[in-house]
Amino acid sequence: MNNNRNDLTDIQNPQRFMTFVYTGSLAIIAILSIITHFVLDSVIEQQSQTGNLVNKSGQQRMLSQRASMFAIEYESSGSKGAKELAESAILQMKSNHAALLSEHDEALKKGLDSPLSDELLSLYFESPAQIDKQIDTFSRLISQSLEQVPTTPENTSEQVHQEFLMMARAPFLDALNAAVEQYERESIEKIGRLRLVQQVILVVVILTILLEALFVFRPMVARISQFAARLQYEANYDHLSGLYNRRAFFRIAEKLLQSLRRKEKPCSIVLFDIDRFKAINDNYGHDVGDIVIQNLAQLLKAQLRKHDILSRLGGEEFILFLPETSHQEAMLVANKIRIYIEDNAIYRDTQDLKVTVSGGVANCDFNESLDKSIKKADEGLYKAKSNGRNQICYIS
Ligand SMILES: Nc1nc2c(ncn2[C@@H]2O[C@H](COP(=O)(O)OP(=O)(O)OP(=O)(O)O)[C@@H](O)[C@H]2O)c(=O)[nH]1
C-alpha cells in the first residue's frame, strides 16, 4: 500500500490534473476532427468545381456541333428558329469560354501566374489547338453565315459555309475534345491528391485516439483505480498498524454478531492495551513507539484464526472479536497472547525491548448490543490495569 501512496502523492490536485488531461486529450481529437471536416468540405467543393469545369468544357463540344448544324439549317431553309438557336449556341459557347478562362484572366490582370496547367495553356493558346483563337474564328464564321440572306442557294457564301463546317468537323472539335480530356485528367488527379490528404488525416486521428487511449486514458484509469483503492483502504484500515480501523471493525463485527445470534453460537470480545506505553514513547521516542504498535499488530494477527476480527481501536489499544468462542476459550487465547508478548522482545535495536499487555474479556450476550459487550471488556481491562497490569480479567 505504501507504493500506491507514493505513486499518488506526486499529484498535487488529482481532480484538476485529471480534468486537465481529459479535456486536453478531447480537445486534440476535436481539433483533428474539425480539420478532417474542413478537408472533406474542400474535397466536396473541389469535386463540384472540377465537375463544373469538365461539364462546361464538354458543353463546348456539343455547342460547336449545335451552332454549325443550325447555321446550315438556316442557310438551307431560312428558318428563323434555326438562326436563333445557332446564335444562342454561339452566345452560350462564348460565355462558357469566358467562364473557363475567368481565373486565368483574373490572375493575369493581377500580374500573377495562370492557375491553368501547362497542358491547358498550350491547348488554349498554342498551336495546333489554339482553342481561344479557334472559338473566336468559329463564332465569327457562324455569325457571318447567319448574316447572309438565305433565300436562294446562290446567296449562300459557300466559302464561309465550308470553313465553319470544316472547323466544326476536325481541328476545332479535336481541340475541344483534347480540352475535355485534359480537364477530366486534372480533375481526377486533384481529387486523388485531396483524398490522400484526407486519408492521412484520418490515419492521424485514429493514431491520436489510440495513443491517447494508451498513454493518457489508460494511465489515468490506472491512477483513478489506485486512488479509489487508496480511499477504500483508508476508509477501512488503520494507517499505522494496517489492521481494521474502528469503523470497519464495528461494521464487520455487527454483521457477524447477527449471524452468530441466529445460529445461537457464542462469541467473545477481548481488549488489549500496552502497559505503560507512555514510558516507551518517553524513553525510546515516538518512532519506536510506532514500531512497537506495528509489531504488536503483526504478532496479534499471527496468533489469531482466519475468521477472528482484529482492530486497532486507537492509541495503543486493540480489540478482538472471536466468533464461536466462549469466554473461557477467549481467556485462554488472551492469556496465551499476553504470555507470548511478555516473553518475547517486541523491538530489537542495541538492546531488546519488551512490553507487557493487559486485557479485558467479555462474552457477547445475545440480548445486549456489541457496545455493551465492549464496555464490559473495557471494565475487565480497567480491572487488569488496576490489579497491577500484565494480566487478563473477565467481566461477566
Ligand atoms: N508512538 C505512538 N504513541 C501513541 C500513539 N497513540 C497514542 N500514543 C501514546 O500512548 C500513550 C498512552 O499513554 P497512557 O494512556 O497514559 O497509558 P500508558 O502510558 O500506556 O499507561 P497504562 O495504560 O496505564 O499502562 C500516550 O503517551 C500517547 O501519546 C501512536 O499512534 N503512536
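**View 1. Overview of the chain in the predicted model.** The chain holds 13 helices and 7 strands, where helices (H or I, at least four residues) and strands (E, at least two) are DSSP runs numbered from the N terminus. This is a predicted model, in which local features need pLDDT of at least 70 and side-chain atom pairs count only at pLDDT 80 or more, while totals for chains, interfaces and linings use all residues. Residues are numbered from 1 along each chain as its sequence is written. Of the 396 residues, 25% count as buried, a residue being buried if 20 or more other C-beta atoms, placed from the backbone, lie within 10 Å of its own.

**View 2. The largest nonpolar core.** This core has 40 residues, and I269, V270, L320, V361 and A377 touch the most other members; a nonpolar core is a set of buried Ala, Val, Leu, Ile, Met, Phe, Trp, Tyr and Cys residues joined through C-beta atoms within 7 Å. Strand β1 (residues 267–274) supplies the largest share of this core, 6 residues. Apart from this core lies another, of 27 residues, which includes I90, M93, I131 and A175.

**View 3. Surroundings of A377.** Not counting residues up to four places away in sequence, A377 touches I269, V270, L271, G360, V361 and A362, contact being defined by C-beta atoms, placed from the backbone, that lie within 7 Å.

**View 4. Strand β6 and its partners.** In β6 (residues 357–363), 7 of the 7 residues are buried, with V357, G359, V361 and N363 pointing one way and S358, G360 and A362 the other way. β6 pairs with β1 in the antiparallel sense over 7 bridges, pairing being assigned if DSSP finds at least two bridges between two strands, and V357 of β6 is the bridge partner of I274. With strand β7 (residues 392–394), β6 pairs in the parallel sense over 3 bridges, and here G359 stands opposite I392. β6, helix α13 (residues 370–386) and β7 make a left-handed β-α-β unit; a crossover is right-handed if, with the strands pointing away from the viewer, the path from the first strand over the helix to the second runs clockwise.

**View 5. The shell around the ligand.** The ligand is surrounded by 16 residues, of which D275, F277, K278, G289 and G315 are the closest, and a residue is near a molecule if its C-beta atom, placed from the backbone, lies within 6 Å of it. β1, α10 (277–284) and α11 (286–303) are the elements that each give two or more residues to this shell, and the largest share, 4 residues, comes from α11.

Notes: Buried ≥ 20, exposed ≤ 12 C-beta atoms within 10 Å, placed from the backbone. Contact = placed C-beta atoms within 7 Å.
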